[in-house]
Amino acid sequence: MTRRSWILSGVSAALLPRQMMAAAATLPKLPYAFDALEPHIDARTMEIHYAKHHQAYVDNLNKALAGYPQVAAHPVEHLVGDLNMVPEPIRMAVRNNGGGHMNHSLFWQILGKPKGGPKGKLAAAITKSFGSQAAFEEKLKAAGLGQFGSGWVWVTAKDASTIQIETSPNQDSPWMKGITPVLGIDVWEHAYYLKYQNRRADYLTAVLQVINWDFVTARHEKLV
Ligand code: MN3
């Protein structure tokens with residue numbers, strides 16, 4: 001049975017094998033302290049962003065799924081990756097909050113105190129696609145600045161040796177088109193307003209100082 005036919009047939013969640021039953025979504029552990037990214041990203045912003053904003057996406061996702069056990073039985077990445085299979089009454093809630101949960105879960109992982117720049121296939125793809133790391137970062141910043149209102153800027157692998165930059169509004173993501181992103185940067189005001197107010201460009205410059213390129217390099221390697 002495909003996952004779509006589970007949903008459509010309304011199989012009782014009670015009949016699904018135990019390992020198919022998704023636990024309620026939970027906030028993943030932050031892999032560093034709130035102040036680990038100072039002075040680029042301040043501790044107060046990290047705390048509110050993680051403990052309040054991300055927690056709210058988790059809570060609201062669980063609330064939306066509460067009355068739909070056969071939908072809740074699926075991992076959130078399946079739901080976000082195929083929103084058409086989510087029942088219409090909760091589709092927007094899953095899009096916004098399931099999207100928010102996935103996007104932030106990746107965002108915390110790609111941040112950290114960097115021990116150097118991109119390496120291996122990722123470094124080669126950056127050079128091939130953008131000419132240099134500096135040119136790539138300028139394009140990332142420009143894309144983040146160009147996203148009107150709340151959203152994200154993403155890096156995706158077009159193929160094994162080419163990467164591209166794209167943006168999405170709200171909590172939409174490449175996952176919704178079936179593409180797993182290499183990295184994503186949050187450009188919602190809640191990601192920077194306490195320290196940078198309206199200066200999104202300054203935030204983007206700062207956040208590029210705290211990308212964990214070892215993690216992103218390994219992630220890209222797995223994706224291509
Ligand atoms: Mn956010």
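Helices α6 and α10 sit roughly perpendicular to each other, a label that covers angles of 65 to 115 degrees (under 35 counts as roughly parallel, over 145 as roughly antiparallel, and the rest as oblique). The pair packs at an angle of about 90°, with the axes 7 Å apart; axes here are lines fitted to C-alpha atoms, for helices over the stretch in contact, and angles run from 0 to 180 degrees between N-to-C directions. On the α6 side the contact is made by Gly120, Lys121 and Leu122, and on the α10 side by Val216, Thr217, His220 and Glu221, where contact means C-beta atoms, placed from the backbone, within 7 Å. Those residues split into 2 nonpolar, 3 polar and 2 charged, with Ala, Val, Leu, Ile, Met, Phe, Trp, Tyr, Cys and Pro taken as nonpolar, Asp, Glu, Lys and Arg as charged, and the others, Gly among them, as polar.

All of this comes from a predicted model, in which local features need pLDDT of at least 70, side-chain atom pairs count only at pLDDT 80 or more, and totals for chains, interfaces and linings use all residues. Residues are numbered from 1 along each chain as its sequence is written.

Overall, the chain has 10 helices and 3 strands, taken as DSSP runs numbered from the N terminus (H or I, at least four residues, for helices; E, at least two, for strands). Along the sequence they follow the pattern α-α-α-α-α-α-α-β-β-β-α-α-α. Among contacts between residues at least 6 apart in sequence, 70% join residues at least 24 apart.

The 3 strands form an open antiparallel sheet in the order β2-β1-β3, with pairing called when DSSP finds at least two bridges between two strands. β2 (162-169) and β3 (183-186) are the edge strands, each with a single partner, so one side of each has no neighbour in the sheet. Neighbouring strands are turned by 20° against each other on average, direction ignored. β1 (residues 151-159) pairs with β2 over 8 bridges, and Val153 stands opposite Thr167 in β2. Helix α5 (residues 88-110) packs on the sheet, touching β1 and β3, and its direction makes about 100° with that of β3. On the other pairing, β1 and β3 share 4 bridges, with Trp154 opposite Gly184 in β3. β3 is covered on both faces: Leu183 and Ile185 are buried on one side, Gly184 and Asp186 on the other.

Back in α10 (residues 213-223), the buried residues are Trp213, Val216, Arg219 and His220. Seen down the α10 axis they fall within an arc of 120°, so they line one face of the helix; the arc is that of the directions from the helix axis to the C-beta atoms. Their cover includes α5, α6 (120-130), β1 and β3.

A cis peptide bond, omega about 0°, joins Glu38 and Pro39, and Pro39 is in the loop between α1 (3-9) and α2. Asn170, in the loop between β2 and β3, has a positive phi near 55° and counts as partly exposed, with 15 C-beta neighbours inside 10 Å. Gln197, between α8 (193-196) and α9 (200-207), has phi near 50° and is exposed.

Note on methods
Contact = placed C-beta atoms within 7 Å. Buried ≥ 20, exposed ≤ 12 C-beta atoms within 10 Å, placed from the backbone.
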